[in-house]
Amino acid sequence: MSDTVIEVEGLVKRYGDFTAVDGINFTVNAGEVFSLLGPNGAGKTTTVEIMECLRTLTGGTVHILGMDVTKDALKIKNRIGVLPQDFNAFDLLTVKENIEYFGGMFDRQLPADDLIKAMDLTDKRDEYFKNLSGGLKQRTGVAISMVNDPEIIFLDEPTTGLDPRARRDVWAVVKSLRERGKTVILTTHYMEEAEVLSDRLGIIDHGKFIALGTPRQIIDTHGTGSRCIISNCDNSCSTALKGQWPTLESKGGDIIIRLENKNALPEIIYALDRSGGNYDQIQVTRPTLEDVFLALTGKKLAAEETESNDGKKKRSKRRGD
Amino acid sequence: MANRILVALKGEAKGFFRAKSTVFWTIAFPLLLILLFGAIFSNTGAGKVDLYVQDLSDSQTSHSFVQHIAAIDSVNLIEINKTIDLDQYIKDHSPTAVLVIPANFAQAFVPGAGLNTTTLLVRLDPTQQSASAVYSIVNGFAEQANLAIAGGTNVITTARGDITNTQFNYIDFFIPGVIALTTMTTTAFWMVSVMTRYRNNGIFKKLTTTPITRAEWLASQILWQLVVVFISVGVIIIVGMLAFNTHMTLNAVAIVTIILSSAAFSSMGMIIARFIHDEESASAAANAITFPMMFLAGIFFPASQFPSWLASVANVLPLTYVGNALRDSMVYNNMSSAVGNMLVVAVFAIILFVAGVLLSKWKTE
Ligand SMILES: Nc1ncnc2c1ncn2[C@@H]1O[C@H](COP(=O)(O)OP(=O)(O)OP(=O)(O)O)[C@@H](O)[C@H]1O
Ligand SMILES: [Mg+2]
């Protein structure tokens, strides 16, 4: 068992009467990528910003690298790196100058050129920050958050508002941080991102964890099992299947059957074969975190399509907080 | 700590010089004011020139000489009694051009008395554009007289002297006021724009993740503003010298006043930005405060010319005291009054700075 670098116990945060974080517990081990996955307003930023010593807590305890956030803020800040949500640097400074600027704020700093190379920003080294694309801005942000050679790096929604390609770029960056042995705390409302990147994750809703563990564990515990989809079934096929699995769903010409045990799939194929009917193909899908979230809360996690359009509006509104 | 302040200051400086239009307007605004108002209100030399004459010779010769000059259309001649102490007269009446006819003037015209040279003294206020015209008029008369009486030998010469004890003209009054105004507008608008922008675009959030403190950051901004203000002040003084021949001295009292004023108005900007979060509304609010202050504080016209109710408004505005302290120290050389005004500015600066630091906070929660 590796070292515990973050310990959060019974964390509560209230804004006036409103409880934004409602008693959450988790630990993170050195070298892990740990994600907080949840919809807008779930309490992700509140939670990470308490860990980053940017907000005060109302109840519970948070220890970072063994230090209490309420007592050792300055020491903690020197040993962590933070990419805040809606990150921005100085528009009229170059990538390199921005890294050096923030580096100058710390007791120790890594050479800007090393970070530029590590983040694959060599071409953009002397470009003004304002001229960078969203993805490059985030990569610059990650480079800046590494400037004090931190042990833990917090990335608050690093891919929100990015196009799919830029999002993959940021994923590659997160993976490279992990390879360097950094502990990464990531927040996101994209389940796919959490699933691909995290060693472990917590699903958060209304300030509470509704699931915690590795992606596999969560899916196995809370998931609804795998499903078999038979596309374009004709009448004799569907009659045969309906006789044996009365609970099946049918969508258009497709039939979806939940696989309750390992015999289910062979039985379906046997039934189809016997019916003598026609169908296009058989497909088996694993449940996703999205399904888990849907099953646990009865609502969708994120409407990915509308996000990029809304992203800007939503963000500027939140700035007034 | 000092290092962090310096890093922040350097970052701000780079960004400032790269925003070309900001640089332009910061420097150009006070210059445009000076050139515009200077051109409108300074004596352009059109119309008649007042020439004061003190005739120490008081002879027939000198009387006819004076009459010749008085006959020139563009000259309005005013005689000063020869018994009057000229320097005192200049102090009291602040003439811009004085001709002194020496006591031995008449002897130069006595034929056969040998060549008794005599010198006409022309004392001029060099800041007046009419000065050289007056000088060449007198000089022309002297040459004519030389031709007539001595065949061109220089019997009568002219010497030029300065009137130093002049009453100050508009531009002398105006330029220190513009410097005062610059310390206000430069720093207040900078602070408002930087603080609202950094809060809204998340730079403050990022800065709070580093060890820099609010006090260090504020110090870096105020220091940087002092650099900008002193660049502007330097340019204003140089342009004043070149365009209007003004002579300002940038002494210790003036420098301290400029620093205090910059601190006071930076803090004012900080307070505005604390209450109004949107960049445009915040700078509109800064405008709403600085624009009336610019007129009410006696920057364009002396507050002494205001009706009394308006003058009492001027008395509570910090900018009034900044302008007074700078005029007293840089132009009128009235140091005790300058220091008094400077102390009032210091009180404003301390109150505003403390209020600004206490009110503005970084942490969202
Ligand atoms: N400073 C604040 N004062 C009052 N309420 C706040 C404040 N900050 C956050 N909240 C509220 O607390 C809740 C949790 O906010 P938080 O920003 O932590 O959510 P989030 O999970 O990060 O959401 P998002 O995906 O939109 O970033 C929201 O309902 C929000 O409106
Ligand atoms: Mg958030």
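My entries start with some ground rules, then go to the interface and the sheets.

**Ground rules**

I'm working with a predicted model, where local features need pLDDT of at least 70, side-chain atom pairs count only at pLDDT 80 or more, and totals for chains, interfaces and linings use all residues. Residues are numbered from 1 along each chain as its sequence is written, chains are lettered from A and ligands numbered from 1 in the order in which they are written, and side-chain values use heavy atoms, with hydrogens and water left out.

**Entry 1: where the chains meet**

Together the two chains bury about 2,600 Å², and 60% of that is on carbon and sulfur atoms. Buried area here is the accessible area (1.4 Å probe) that two parts lose on being put together, summed over both.

Next I looked for charged pairs. The rule finds 3 salt bridges across the interface of chain B and chain A; a salt bridge needs a side-chain nitrogen of Lys or Arg within 4 Å of a carboxyl oxygen of Asp or Glu. I noted one of them: the side chains of B:K14 and A:E97, at 3.7 Å from N to O.

**Entry 2: a sheet in chain A**

I traced an open sheet of 4 strands in chain A, in the order β2-β1-β4-β5, with antiparallel pairing. β2 (18-29) and β5 (67-68) of chain A have a single partner strand each, so one side of each is left without a neighbour in the sheet. Strands pair if DSSP finds at least two bridges between them. β1(A), residues 4-15, is joined to β2(A) by 9 bridges, and I spotted A:V8 opposite A:F26 in β2(A).

Helix α1 (44-51) of chain A lies across β1, β2 and β4 (59-64) of that chain, at about 125 degrees to β1(A). For such angles, axes are lines fitted to C-alpha atoms, for helices over the stretch in contact, and angles run from 0 to 180 degrees between N-to-C directions.

**Entry 3: a sheet in chain B**

Chain B has an open sheet of 5 strands, ordered β2-β1-β3-β4-β5, and its pairing is mixed. At its edges I found β2 (75-80) and β5 (156-162) of chain B, each pairing on one side only. β1 (49-55) and β3 (97-101) of chain B run parallel, joined by 4 bridges. B:V53 has B:L99 as its bridge partner in β3(B). Helix α3 (60-70) of chain B lies across β1, β2, β3 and β4 (118-124) of chain B, at about 150 degrees to β2(B).

**Entry 4: a hairpin in chain A**

A:I256 turns up in both pairings: A:I229 stands opposite A:I256, and A:E249 has A:I256 as its bridge partner. β12(A) and β13(A) form a hairpin with 2 residues between them; in the turn, A:G252 has a positive phi of about 60 degrees.

Note on methods. Contact means heavy atoms within 4.5 Å.
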